[in-house]
Amino acid sequence: MSEVLTGAQILCRELLAAGVDVLFGYPGGAIMPFYHALPEYPGLRHILVRHEQAAAHAADGYARASGRVGVCVATSGPGATNLVTGLATAHMDSSPVLAITGQVARPMIGRDAFQETDIIGLTLPITKYNHLVRDVSELALRVREAIAIAQEGRPGPVLLDVPKDVQNQKAPYDPPPPRAAGPAGAAVQPSEEIARAARLIAEASRPLLMIGHGVILSGAYGEVRALAEKTGMPVITTLLGISAFPEAHPLHLGMPGMHGEVHVNRAIQHADLIVGIGLRFDDRVTGNVAAFAPRAQIVHVELDRAEIGKNVPVAVALAGDAREITRRLVDAVAPRQCGAWLDEIHGFVRPAEESYSGDLSPEAILAAIYETTHGACTIVTDVGQHQMWVAKHYPYQRPNSHITSGGLGTMGFAVPAAIGVHLARPGELVWAISGDGGFQMNMAEMATMIQEGLSVKMAIFNNGYLGMVRQWQQFFHEKRYSSTPIWSPDYVKLAEAYGIPGWRVEDRGQLAATLARATAEPGPALVEFVIAQEANVYPMIPPGGSLSEPIEARPAGAPAV
Ligand SMILES: Cc1ncc(C[n+]2csc(CCOP(=O)(O)OP(=O)(O)O)c2C)c(N)n1
């Protein structure tokens with residue numbers, strides 16, 4: 001006998017059946033029946049955020065840290081539109097987020113009713129799937145579909161828009177059958193293609209392994225490491241591939257692209273083979289694509305066929321799951337080493353130079369954070385200079401311990417996403433690292449931490465500027481610092497107003513003790529680092545430039561690549 005439930009109850013039951021345990025959201029008129037039902041389901045923990053954008057980022061952070069779907073909830077109209085940036089962020093970075101939005105009641109749709117927005121139309125290009133639920137009888141099926149689509153293949157966000165009267169509608173409900181096995185394995189690669197890739201690896205004198213987010217999403221850590229070690233290929237990690245390979249490993253080179261290390265970009269320009277796994281060769285990686293890796297053939301391993309050949313021409317296309325294909329590549333390749341090539345690359349390395357020679361350099365801060373945590377934490381970064389400093393200077397060792405908005409580059413991401421990471425990994429240390437600009441975008445989420453008892457450590461790199469934009473103005477706009485100086489409140493007092501302990505660090509000598517105290521706090525803590533106003537991220541490839549032409553901290557004096 002089926003139970004008779006309301007649409008709102010069916011939604012809750014379906015979420016529980018899918019293994020959802022936490023939701024991030026904000027109530028309002030069109031989603032009130034759902035919120036009415038929610039207290040009947042204590043297995044669904046609801047986190048009340050301070051802005052729906054934060055709900056979407058928190059769901060995204062949760063999804064990236066757990067590998068499971070992250071759920072956010074909002075009302076119609078402004079609640080739904082506030083989710084848009086977070087969904088676009090999740091879409092660009094392949095993160096499985098389910099957004100549930102209330103919609104005005106069906107008879108009101110299309111009448112410009114109070115708080116009516118066509119959120120289906122608005123999110124069409126930034127979701128894998130979205131759907132306006134027109135009747136309670138289809139609701140359970142749509143939730144199942146949406147959650148499956150969010151997670152299968154290349155993950156991404158999905159949205160269900162549920163009119164208020166559908167949430168109140170009653171219908172017989174049968175729980176879903178036990179979950180079916182996941183989608184059938186990715187298309188099996190013809191062995192000839194794997195063999196061709198293996199042959200190219202055997203014949204290359206300067207091969208590189210370039211790995212991206214797909215390695216983390218597919219959990220291909222062991223396979224990638226085995227491939228690197230069996231072939232001796234040096235490993236490059238893209239921004240979203242950071243923490244897919246231990247940085248202390250002798251084969252690890254660093255990050256490529258606009259702010260990549262000189263030796264990494266030079267290695268790319270000299271390589272005769274690039275094996276790219278789980279990445280899309282985006283413009284921040286390639287620079288001027290016509291001048292990218294001019295001597296290299298490319299083997300591209302990628303789940304999303306649409307990415308293969310989109311940005312760079314490919315010699316061998318291996319479409320499918322990164323883990324499965326890499327495992328087959330490991331079996332197919334002959335053992336080899338790349339000693340001479342590695343020596344050549346090490347010859348490209350520039351002497352370490354701090355981005356700012358003053359006392360409290362970003363490098364010193366990041367070294368101190370690493371020393372305090374011994375790497376046993378997840379770092380969530382915002383967007384700007386600090387994001388690049390963290391990517392370059394924090395030596396990640398643990399898989400999937402670096403989370404950032406790579407594709408959309410969304411300022412304001414770090415603090416709410418870190419809340420999601422904390423909920424996915426309770427008991428683990430989570431640091432949200434932001435600039436003074438990005439922090440001010442979502443700092444109200446400190447209230448969420450207190451109300452919900454969430455422990456996130458916050459670091460602010462305060463340079464008094466929208467630093468990354470100021471750096472571009474310095475390099476490319478005659479130092480016209482138009483609208484980039486940014487005033488900040490007293491962050492220590494601000495934190496205190498929320499009941500959060502805060503510290504300001506102005507010199508290197510304070511680093512270790514302050515970080516130890518912040519870490520020892522059982523709850524959230526905030527540390528503001530006052531850094532040089534005009535610290536820059538070096539090196540930098542000018543936008544549209546070739547990887548061979550970096551701007552460096554001091555004149556290169558090195559031969560052109
Ligand atoms: C939502 C959003 N608005 C604008 C930008 C453009 N943008 C990129 S970096 C940056 C400056 C960030 O400044 P801050 O947060 O202080 O960090 P910093 O670069 O100083 O480390 C801006 C404005 C963006 N990425 N995201």
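User: How many cavities of 30 Å³ or more does the structure hold?
Analyst: This is a predicted model, where local features need pLDDT of at least 70, side-chain atom pairs need 80 or more, and totals for chains, interfaces and linings use all residues. Residues are numbered from 1 along each chain, and side-chain values use heavy atoms, without hydrogens or water. A cavity is a set of points on a 1 Å grid over the protein atoms alone where a 1.4 Å probe fits but cannot get out. The count of 30 Å³ or more is one.

User: Which elements give two or more residues to the lining of the largest cavity?
Analyst: The largest cavity has a volume of about 80 Å³. Its lining (an atom within 4 Å of a point) includes Arg64, His213, Leu240 and Asn400. Two elements give two or more residues: α10 (213-218) and β16 (402-404).

User: Which element supplies the largest share of the shell around the ligand?
Analyst: The shell holds 17 residues, with Gln385, His386, Gly409, Gly438 and Gly467 the closest. At least two residues each come from α17 (385-393), α19 (436-442) and α21 (467-476). The largest share, four residues, is from α19.

User: What distance separates a polar side-chain atom of Asp436 from an oxygen atom of the ligand?
Analyst: A backbone N or O atom of Met411 lies 3.3 Å from a ligand nitrogen. A polar backbone atom of Tyr465 is 3.1 Å from a ligand oxygen. For the Asp436 side chain, the distance to a ligand oxygen is 3.0 Å.

User: How many residues of the shell around the ligand are charged?
Analyst: Seven shell residues are nonpolar and nine are polar. The charged count is one.

Key: Near = heavy atom within 4 Å. Polar contact = N/O pair within 3.5 Å; in protein donor to acceptor, adjacent residues only side chain to side chain. Nonpolar A, V, L, I, M, F, W, Y, C, P; charged D, E, K, R; others polar. 1 Å grid on protein atoms, 1.4 Å probe; cavity = no way out; pocket = protein on both sides within 12 Å on 5 of 7 lines; lining within 4 Å. Points joined across faces, edges and corners; volume = space filled by probe spheres on them.
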